[in-house]
Amino acid sequence: MFTLENVKYKDVLQIQNLKIHSGKVTVIVGESGSGKSTLLRLLNRMVNPTEGEIFYNGKNIREINPVNLRRKVVMLPQNPIMFPGTIKDNLLIGFKFSEKPLVDDNKLNEAMKIVKLDKKLDDKVDKLSGGEKQRVALCRTMLLEPEVFLLDEPSSALDEGTEDIIIKNIIDYVVENKKTLVMVTHSIKIAEEYGENILEIGNGKVIRNEMR
């Protein structure tokens, strides 16, 4: 799905050759500041490489309209933005930005169950905890049903027990719907348990690339 060839981004990341396969769960681990988040941002053109080329389904992503690319390859940053209003407002705003038809409340509630968000749609987001806001953002991303999910530490604000449940549910959803997931995680346990492809980044380079 993604192929990186001689990619360099400033002095942060340097990858000679890397393939990220369609329909797989790819998990990225590594120390803080190693370039993990930068790699995710490169995959949907939030940033462009200083050198080298990145291909998505065989096409150079420089030739793909970035808005169209980001509709197919959706990224959830580590500290996602919440918009003023209710949970429902925040779940639907992604459809408005991507110019997709809105979904009904049943669909929204189903998605909230996946991320274990036991709240009402009309609850105000400014009353939510950090972990609950993170789950709203996860839910918003899932509802868009992209081809590729890029998740940057999607469970960093959750306790370990909740983290395990939610990550398992997300991965089950991705597998059942034949999507592709590329996820940065701080948890080696999660990487080893769920990663079909484990990438370890160190000092801006891929130091482990294990298919399982």
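Me: Which hand is the crossing of H3 and H5?
Reply: Right-handed, meaning the near helix is turned clockwise from the far one by less than a right angle. Keep in mind that this is a predicted model, where local features need pLDDT of at least 70, side-chain atom pairs count only at pLDDT 80 or more, and totals for chains, interfaces and linings use all residues. Residues are numbered from 1 along each chain as its sequence is written, and side-chain values use heavy atoms, without hydrogens or water.

Me: And at what angle do H3 and H5 pack?
Reply: About 35°, with the axes 8 Å apart. Axes are lines fitted to C-alpha atoms over the stretch in contact, and angles run from 0 to 180 degrees between N-to-C directions. Helices are DSSP runs (H or I, at least four residues), as are strands (E, at least two), numbered from the N terminus.

Me: Who makes the contact on H5?
Reply: Val-136, Cys-139, Arg-140 and Leu-143, against H3 residues including Ile-87 and Phe-95; contact means heavy atoms within 4.5 Å.

Me: Switching topic: what does UniProt list for residues 2–211?
Reply: The unreviewed entry gives "domain: ABC transporter", though annotations may be inferred rather than shown by experiment. That span is 36% helix and 27% strand.
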